[in-house]
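Hi,

Here is the structure I promised to pass on. Have a look at it first, and my notes follow below.

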Amino acid sequence: MTGAEYIAAFLASKRIRHVFLMTGGAATFMIDAIGRRDDIDYVCVQHEQAAAMAADAVWRVNGTVGAAMATSGPGATNLLTGIACSYFDSIPSLHITGQVNLRESRRLGGAAPRQIGFQETKIVEMARPVTKYAVQVHTPEDLRRELEVAYREATTGRMGPVLVDVPMDLQQAEMGAFSPLPSPPSPPPHEEELSRIAATVTRALEGARRPLLYWGAGVGLAGVEGEVEAWVRASGLPVVSSWAGATYIDHDLPGFCGTVGVYGNRGGNLLIQNCDALLVLGSRLDNRQRTGNPATFAPEARVIVLDVDAEELAKYAADGYVCERLDFKHLPAVLRQIALPEANNAWLDHVGLMQQRYVGKCHSTFAEANGSQSPYEAIRRINALVARDAVVVNDTGAAVCWAFQAFHRTGQALFTAGGNSPMGYALPAAIGAKLTAPERQVVCMTGDGGFQVNLQELQTAVHYGIDMTIIVMNNAGYGIIKQFQDAYLAGRHHATATGYSQPDFERIAAAYGIDYHRIERPGDIRPEMLAPKGLRLLDIMLDPHTPIEPKVEMGRPIHDQFPYLDDGEWAEGNAFNRHERRAGAPK
């Protein structure tokens, strides 16, 4: 068995069924080895960036590791944007790159030229900042060992992407029979440590009368969302979530109060600012959640954070948070030992008011005033028509904000590449999702700008007969940036309206043989447009100036969002903590 054949056998042994790739000379032996097997296949994309994004979607859909492959030089570097998506969102994925022969590489020693072999690039060094593990192999034993090490790194602790760089002569080297190395057993949980963590949390919550739970993606990434949700139901705790966590929690949960942050639900944000204890499970509380001034986040609360990553916890040193590192596989065992405080009736009544007034109530005051189509109503219409187990893949910009503000998730997979958030993610990720779960309905939600970034992947969808509905929230420009320019740059739309253009998407769809539908109002979206079979494009026509509502503007805390509440509604929302409003807030 050659090195290339060994790689193919290794991937198949890990239940990897598709390797997303674009061919190239330094990867040809590996691709050939995959192509000669019956238990694994390759999927040809049109750009390596799309391969990494498709691989990223695999874990999000069914909890198995996605794989991508590329040639050396530009092929390998093109993977990096998609790899970064997996890194920042803790998604395990395996990337294998071809490299020039060792005998013609910079490893020859002596001088240090920039390059010796054709398309030779130091991809390992370039990938290290956005991978958990990156290595180049130099011997057959290296290859055997490093594949196992990389896979284990990807799937343990705080998960993430890994990269193995394989020179062409190693791909051709004799390896002997495939013999996977045994993985070391996972250490059993230390019951005393779990009890200590539970006791710490109990002490931090003691005396609280306005408790609130913050649900992060770490709960779902560890595969314990069912047990934790059952605990939440039994406890009666009100709960908010991050966007990344929102795909792992049933929004019909009685205590669910929406997603939070800069583009979060008003009710959820107000609860964060008025609670006196906030228990955070597996969220990194980035600056889209706490804003750029974390001192304004949950200012009256004792904040308790449980997370698998010690470095994430270390960043709270100046904030006074109570922090405990925990492998979330053991989270249910810890939660069962926590003695929860009893919320007072006034707080529970307030939670009910915030739910009734704001959760699921996002609407476009702009569309109402201008007689244009509301993105929120369009998304609610789509929401009503998709299956309970549909996969809804989101892009970035205004389109993803509208989606997470309006979509009511029950059993659907609802996700985006939130940490890296590259334009163009949704289309290749949706292709990866559909090939991973062919029995599920897949919807790709993107904007007109993001759609154009990986437009070439329409050919991948056509070639592989992908059944999918592509929805373009078409506001004729980069809406989230235009809104920023309106707020801070006197409405000068450089490189958003001025300099930006788009093709006629109907003609683009015709060129690829895709059904096209122009949507002028939500009622135009018919059930057959989201049918399980077929590839189609829905062009949702929006006014170019349609803003995201609500949104936190610079310098304001998360509960003071545009469009601004009047003084009466502001006071009701802040019934427990009389936050002073920043001077100059519109009345």
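**What I found**

I'll start with a pocket: the lining of the second largest pocket has 6 nonpolar, 3 polar and 6 charged residues. For those classes, Ala, Val, Leu, Ile, Met, Phe, Trp, Tyr, Cys and Pro count as nonpolar, Asp, Glu, Lys and Arg as charged, and the others, Gly among them, as polar.

Before going on, please note that this is a predicted model, where local features need pLDDT of at least 70, side-chain atom pairs count only at pLDDT 80 or more, and totals for chains, interfaces and linings use all residues. Residues are numbered from 1 along each chain as its sequence is written, and side-chain values use heavy atoms, with hydrogens and water left out.

Back to that pocket. Its lining is made of 15 residues, and R266, Y358, H363, P563 and L565 lie nearest the centre. The volume of the second largest pocket is about 270 Å³. (On a 1 Å grid over the protein atoms alone, a pocket is an open set of points with protein on both sides within 12 Å along at least five of seven lines, while a cavity is a set where a 1.4 Å probe fits but cannot get out; lining residues have an atom within 4 Å of a point. Points are joined across faces, edges and corners, and a volume is the space filled by probe spheres set on them.)

There is also 1 cavity of 30 Å³ or more. The largest cavity has a volume of about 30 Å³, and its lining is 8 nonpolar residues, with no polar and no charged ones. Those residues are L205, P211, L212, L213, L237, L279, L340 and P341. Strand 7 (residues 211-215) gives the most to this lining, with 3 residues. (Helices, H or I of at least four residues, and strands, E of at least two, are DSSP runs numbered from the N terminus.)

Next, helix 20 (residues 426-436): 11 of its 11 residues are buried, so this helix is largely enclosed by the rest of the structure. (Buried means under 20% relative accessible area, exposed over 50%, and partly exposed in between, with a 1.4 Å probe and protein chains only.) K434 is one of the buried residues of helix 20.

Finally, two loop residues. I249 lies between helix 12 (243-246) and strand 9 (256-259), and counts as buried at 0% relative accessibility. L489 sits in the loop between helix 23 (479-488) and helix 24 (505-512) and, at 34% relative accessibility, counts as partly exposed.

Cheers
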